[in-house]
Each structure stands twice: as structure tokens, then as C-alpha cells.
Amino acid sequence: MGTAAGSAFDIEALRQGIEGQTAATLLSLYADDAELRLVDHNTQPSKPRVLHGRDEIAQLLDDVYSRDMTHKLEECIVQGDRAAYSESCRYPDGVRVLAESMITLRDGKIVEQTMIQAWDE
């Protein structure tokens with residue numbers, strides 16, 4: 001895997017960030033002015049949760065990584081200044097979450113991300 005040609009986006013750093021125990025590595029992949037749009041059962045497509053900048057994204061990631069759960073990067077594809085990846089998560093009680101993300105890159109950093117999450121009921 002490693003760095004994608006032409007984009008300088010480090011897929012291995014993405015894997016380490018997603019599968020790690022803290023949000024720090026994952027947060028380092030975001031540009032200071034990044035925007036993250038979340039769509040899930042609580043925030044529908046017409047009214048997504050939108051986070052602006054690394055500080056707001058850090059709050060979300062710190063919350064997620066404070067939970068007792070595992071995360072796995074399932075797949076990542078990078079083409080030019082775009083990337084897409086799938087992430088699976090599991091809570092100790094067996095509840096699973098699947099997240100799909102489309103991202104836009106600038107200088108190897110995430111500047112825009114739309115994440116769609118589906119949860120077990």
C-alpha cells in the first residue's frame with residue numbers, strides 16, 4: 001500500500017489511524033480547514049452533521065476513540081485527488097457499524113469527507 005502516486009496520501013497512515021487506539025494519527029491526515037459531513041440514522045442526507053476544521057473533527061474522533069470498540073480499514077482506493085474507503089467497527093456486545101467515506105485531498109491531506117454510517121439495530 002503506502003503512498004499513492006500523485007496524491008501523497010498515505011494509505012498505511014490511514015490504516016494505522018483507523019485501527020489505532022487514539023485519534024491522533026487519523027487526525028493528522030486532515031487539513032486545518034477540512035470539512036466532514038456525516039450521514040447516518042440520526043443525521044439524514046437532507047440535514048447531515050457538518051464539522052468544520054480540525055478542532056471540530058478532533059472532538060468527534062476523540063469521542064469515537066474513547067469508546068470500547070475496534071475499527072478496521074477494509075478497503076481504500078486512491079485516484080488523483082480523490083479517495084474512498086470502507087471501515088468496519090465492532091462494539092464488545094457485538095453491535096457492528098459500517099462506514100463508507102468519499103474524500104477529497106489537497107497536498108496529501110483530507111480537505112472534504114462525506115461519511116455514511118450504518119449501524120446494527
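Helix 1 spans residues 11-19, and its buried residues are Ile 11, Ala 13, Leu 14, Arg 15, Gly 17 and Ile 18. These assignments belong to a predicted model. An α-helix has 3.6 residues a turn, so residues three or four places apart point the same way. The cover over the buried residues of helix 1 includes helix 2 (24-27), helix 3 (53-65), strand 3 (70-79) and strand 4 (82-90).

The N-terminal end of helix 1 is capped by Asp 10. In this cap, a side-chain oxygen of Asp 10 lies 3.0 Å from the backbone nitrogen of Glu 12.

In soluble globular proteins, nonpolar side chains tend to be buried together. In this model, the largest nonpolar core has 33 residues, and those touching the most other members are Leu 14, Leu 26, Tyr 30, Ile 57, Leu 61 and Tyr 85. Two or more residues of this core come from each of helix 1, helix 2, strand 1 (30-39), helix 3, strand 3, strand 4, strand 5 (96-106) and strand 6 (109-119). The element that gives the most is helix 3, with six residues.

Apart from its neighbours within four places in sequence, Tyr 30 is in contact with Arg 54, Ile 57, Leu 61, Tyr 85, Lys 109, Ile 110 and Gln 113.

## The largest pocket

The largest pocket has a volume of about 410 Å³. Its lining consists of 28 residues, and Leu 38, Leu 60, Val 64, Met 115 and Gln 117 lie nearest the centre. Strand 1, helix 3, strand 4, strand 5 and strand 6 each give two or more residues to this lining.

Helix 3 gives the most to the lining of the largest pocket, namely five residues. Sorted by class, the lining has 17 nonpolar, six polar and five charged residues.

Ala 23 is located in the loop between helix 1 and helix 2. Ala 23 counts as buried because its relative accessibility is 7%, and the cut-off for buried is under 20%. Beyond residues up to four places away in sequence, Ala 23 touches Leu 61, Asp 62 and Tyr 65. The C-alpha atoms of Ala 23 and Leu 61 are separated by 5.6 Å, although these residues are 38 residues apart along the chain.

Thr 25 belongs to helix 2. With 32% relative accessibility, Thr 25 counts as partly exposed. Leaving out neighbours within four places in sequence, Thr 25 is in contact with Ala 13, Gln 16 and Gly 17. Between the C-alpha atoms of Thr 25 and Trp 119, which are 94 residues apart along the chain, the separation is 24 Å.

Lys 72 is part of strand 3 and is partly exposed, with a relative accessible area of 44%. Not counting residues up to four places away in sequence, Lys 72 touches Ile 18, Glu 19, Ser 86, Glu 87 and Ser 88. Lys 72 and Ser 88 are 16 residues apart along the chain, and their C-alpha atoms are separated by 5.3 Å.

Asp 107 lies in the loop between strand 5 and strand 6. Its relative accessibility is 75%, so Asp 107 counts as exposed. Most residues other than glycine have a negative phi. Asp 107, although not a glycine, has a positive phi of about 55 degrees.

Note on methods. Residues numbered from 1 in each chain as written. Predicted model: local features only at pLDDT ≥ 70, side-chain atom pairs only at ≥ 80, totals over all residues. Heavy atoms only, no water. Buried < 20%, exposed > 50% of the residue type's maximum accessible area, 1.4 Å probe, protein only. Helix = DSSP H or I, 4+ residues; strand = E, 2+ residues; numbered from the N terminus. Contact = heavy atoms within 4.5 Å. Polar contact = N/O pair within 3.5 Å; in protein donor to acceptor, adjacent residues only side chain to side chain. Core = buried A, V, L, I, M, F, W, Y, C linked by side-chain atoms within 4.5 Å. 1 Å grid on protein atoms, 1.4 Å probe; cavity = no way out; pocket = protein on both sides within 12 Å on 5 of 7 lines; lining within 4 Å. Points joined across faces, edges and corners; volume = space filled by probe spheres on them. Nonpolar A, V, L, I, M, F, W, Y, C, P; charged D, E, K, R; others polar.
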